[in-house]
Amino acid sequence: MNRFDFTPYRRTMVGFDRLFDLLENQNRMGSGDNYPPFNIERRGDDAYRITLAVAGFKPADIDITAQQNLLVVQGKKGEEASAGQYLHVGIAQRGFERRFELADYVRVDDANLEDGMLSIDLVREVPDAMKPKKIAVGTQKSLSVVADNSKEKTAAA
């Protein structure tokens, strides 16, 4: 049985429900289809690259859709009439769909198809409002009386 019990973590970690659900649902999906093969590379603190081996596909055959927290890559191979008769077909010509769950604030920066390799660059951009801030404790200034300088100004005039 390959089931993890996240109950102890769910009790003490607030706001991670989505993460635990993703981990639990991953086992239910099973291994599934491994076509096309892909790599996920970390290129920096907030930069990633997904590379898929999509030999035989043209840019027009590939559809990349980025939704909130989901990246879907689909390949639809058009029906091409071949001049000859194949005796053996070892190169996959079938369509595919790959789904990648993205963390919050991750967006697609660029996508390129070169030499049968589809590269999708991802960047995490956290808004300034969501970045951590230092909160000073006990340094609030005490209230003080503001001197009224208006009497001094009228006497000098």
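Gly-78 sits in the loop between strand E4 (70-75) and E5. Helices (H or I, at least four residues) and strands (E, at least two) are DSSP runs, numbered from the N terminus. This is a predicted model, in which local features need pLDDT of at least 70, side-chain atom pairs count only at pLDDT 80 or more, and totals for chains, interfaces and linings use all residues. Residues are numbered from 1 along each chain as its sequence is written, and side-chain values use heavy atoms, with hydrogens and water left out.

**Gly-78**

- Gly-78 is partly exposed, at a relative accessible area of 40%.
- Buried means under 20% relative accessible area, exposed over 50%, and partly exposed in between (1.4 Å probe, protein chains only).
- Asp-61 is 17 residues from Gly-78 in sequence. In space, the two are 7.3 Å apart, C-alpha to C-alpha.

**The sheet**

- An open sheet is formed by 4 strands, in the order E1-E2-E7-E6. Their pairing is antiparallel.
- Strand E1 (38-44) and strand E6 (106-114) are at the edges. Each has a single partner strand, so one side of each is left without a neighbour in the sheet.
- From one strand to the next, the twist averages 20°. Axes are lines fitted to C-alpha atoms, for helices over the stretch in contact, and angles run from 0 to 180 degrees between N-to-C directions.
- Two strands count as paired if DSSP finds at least two bridges between them.
- Strand E2 (residues 47-53) pairs with strand E7 (residues 117-124) over 7 bridges, in the antiparallel sense.
- Ile-50 has Ile-120 in E7 as its bridge partner.
- In general, strands of a sheet pair through backbone hydrogen bonds, either parallel or antiparallel.

**The cis peptide bond**

- Tyr-35 and Pro-36 are joined by a cis peptide bond. Its omega is about -5°.
- Pro-36 belongs to the loop between helix H2 (17-29) and E1.

**Positive phi at Tyr-105**

- Tyr-105 is not a glycine, yet its phi is positive, about 70°.
- The loop between strand E5 (96-101) and E6 holds Tyr-105.
- Tyr-105 has a relative accessible area of 37%, so it is partly exposed.

**Positive phi at Asp-115**

- Asp-115 is a residue other than glycine with a positive phi, near 55°.
- Asp-115 lies in the loop between E6 and E7.
- Asp-115 counts as exposed because its relative accessibility is 74%.
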